[in-house]
Amino acid sequence: MRDLRDPFIRFKDKTPEEMFKGVKTPFFAMDEKRLIENGKIIKGIQDRTGCKILLALKCFSNYDLFQTLSPFIAGTEASGLFEARLGKEELPNKEVHVFSGAYRDDEFDEILQYADHIVFNSINQLRKFGPKAKLLGKKIGVRINPEYSTQKGPDIYDPCSKKSRLGITIDSFEKEMNDELFSLLSGIHFHTLCQQNSDDLEKTLYVVNDKFGKYLRKLKWVNFGGGHHIVRSDYDINRLENCIKYAKDNWNTEVYLEPGEGIVLNAGYLVSKVLDTFKNHDDYIAISDSSAACHMPDVIEMPYLPPLYMADLDDCNIEYRIGGPTCLSGDVTGDYKFSKELNVGDYLIFGDMALYTTVKTNTFNGMPLPDIYILHSDDTLEKLTNFGYMDFKYRLGKTK
Ligand SMILES: Cc1ncc(COP(=O)(O)O)c(C=O)c1O
């Protein structure tokens, strides 16, 4: 039996060729059905434990789908003014939580119009902005750095790495916090994980307890941040629920989580086509009309290999290097094996393309941005937005 969370299970009864025929590539298609399936898992955790789960907008901000997710989430998590505004505008009855590495004087008042929870990254920022936020009845937290790395990947995704600028270490907390500042707080936030399972969360919680437990017991909420790969098929939900229970029992706090990937995993496709094929000595090359650098930059930055429809199956033994048409040598999406040679015009459908894609696209090399669609549960495709030359030009200079 196929894993129900196979990134291409959606195409079991109807092929993507049938669903996407005639639509100009490249384009993103957000999978409404998968979002609902993921949402039900997220809702189940909240119902069983009483925790609250927020959608991290930095990961997924396609607001036309917020109503689809609305029954399953408690609110949104924003990284600053624009995301906070988007969360409030599009889901006005849900909580808006904001964390920023540092807030600006000229934005803070407006952020306060949208935020319910506001989290500061340093004692300086708490001292500067906390009293005003408190006066307006906001729930105030600080982000701590437990200094406990559980990640194996590069430091770029590890907020506990040496010289990290994210979160207050116990050393600074104890040196700089005083009763007056502490009285502004109602919670503590930490974010240390990236695409991880709940065993790493569990280990982190024990460290947080050792270092900050005595402070947490005096507060009302704790936020476990993001990086929990909750809807992944091997994710241990039971252990996550025990972690939530541990925090509630041990610290007597409300618990928040703010995953992005863990809500929208496998819920989107980047549909592209082959523009050219040729050989470099013995190696097959295919140029697609999508670009890793412009349309899925995390493929290069992270790096990771997105799943590709009908590639790397048991009967596939012809390997192609697939890359975009830009000038960047590293604009390579990956090496994939196919059962037959590729032809110009063949579909290349990348999976797991809802997360950190549309929020990160760019027009380097004058590459057009892919249009964005919803693939509805009944297999119909609805266009949300399209892009053209003006979207490239207006980012660069005077608008007429
Ligand atoms: C503070 C914070 N919260 C939540 C998230 C969401 O993480 P993810 O999409 O990996 O779940 C991030 C990601 O960087 C983050 O920095």
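**View 1. Left-handed crossing of helix 4 and helix 5 in the predicted model.** The crossing of these two helices is left-handed, meaning that the near helix is turned anticlockwise from the far one by less than a right angle (clockwise would be right-handed). Helices (H or I, at least four residues) are DSSP runs numbered from the N terminus, as are strands (E, at least two). The axes of helix 4 (residues 81-90) and helix 5 (residues 105-114) come within 9 Å and cross at roughly 25°; axes are lines fitted to C-alpha atoms, for helices over the stretch in contact, and angles run from 0 to 180 degrees between N-to-C directions. Leu81, Ala84, Arg85, Gly87 and Lys88 of helix 4 meet Glu107, Glu110, Ile111 and Tyr114 of helix 5, where contact requires C-beta atoms, placed from the backbone, to lie within 7 Å. This contact has 4 nonpolar, 1 polar and 4 charged residues. Ala, Val, Leu, Ile, Met, Phe, Trp, Tyr, Cys and Pro count as nonpolar, Asp, Glu, Lys and Arg as charged, and the others, Gly among them, as polar.

**View 2. Helix 9 against helix 10.** The axes of helix 9 (residues 198-216) and helix 10 (residues 237-251) come within 10 Å and cross at roughly 10°, which makes the two helices roughly parallel. Residues of helix 9 in the contact include Leu201, Leu205 and Leu216, and those of helix 10 include Leu240, Tyr246 and Trp251. By class, the contact has 8 nonpolar, 4 polar and 3 charged residues.

**View 3. Surroundings of the ligand.** The ligand is surrounded by 15 residues, the closest being Ala56, His191, Gly226, Pro259 and Gly260; a residue is near if its C-beta atom, placed from the backbone, lies within 6 Å. The shell divides into 5 nonpolar, 6 polar and 4 charged residues.

View 4. Asn266, although not a glycine, has a positive phi of about 60°.

**Notes.** Residues are numbered from 1 along each chain as its sequence is written. In this predicted model, local features need pLDDT of at least 70 and side-chain atom pairs count only at pLDDT 80 or more, whereas totals for chains, interfaces and linings use all residues.

Conventions
Two residues are in contact if their C-beta atoms, placed from the backbone, lie within 7 Å. Angles under 35 degrees count as roughly parallel, over 145 as roughly antiparallel, 65 to 115 as roughly perpendicular and the rest as oblique.
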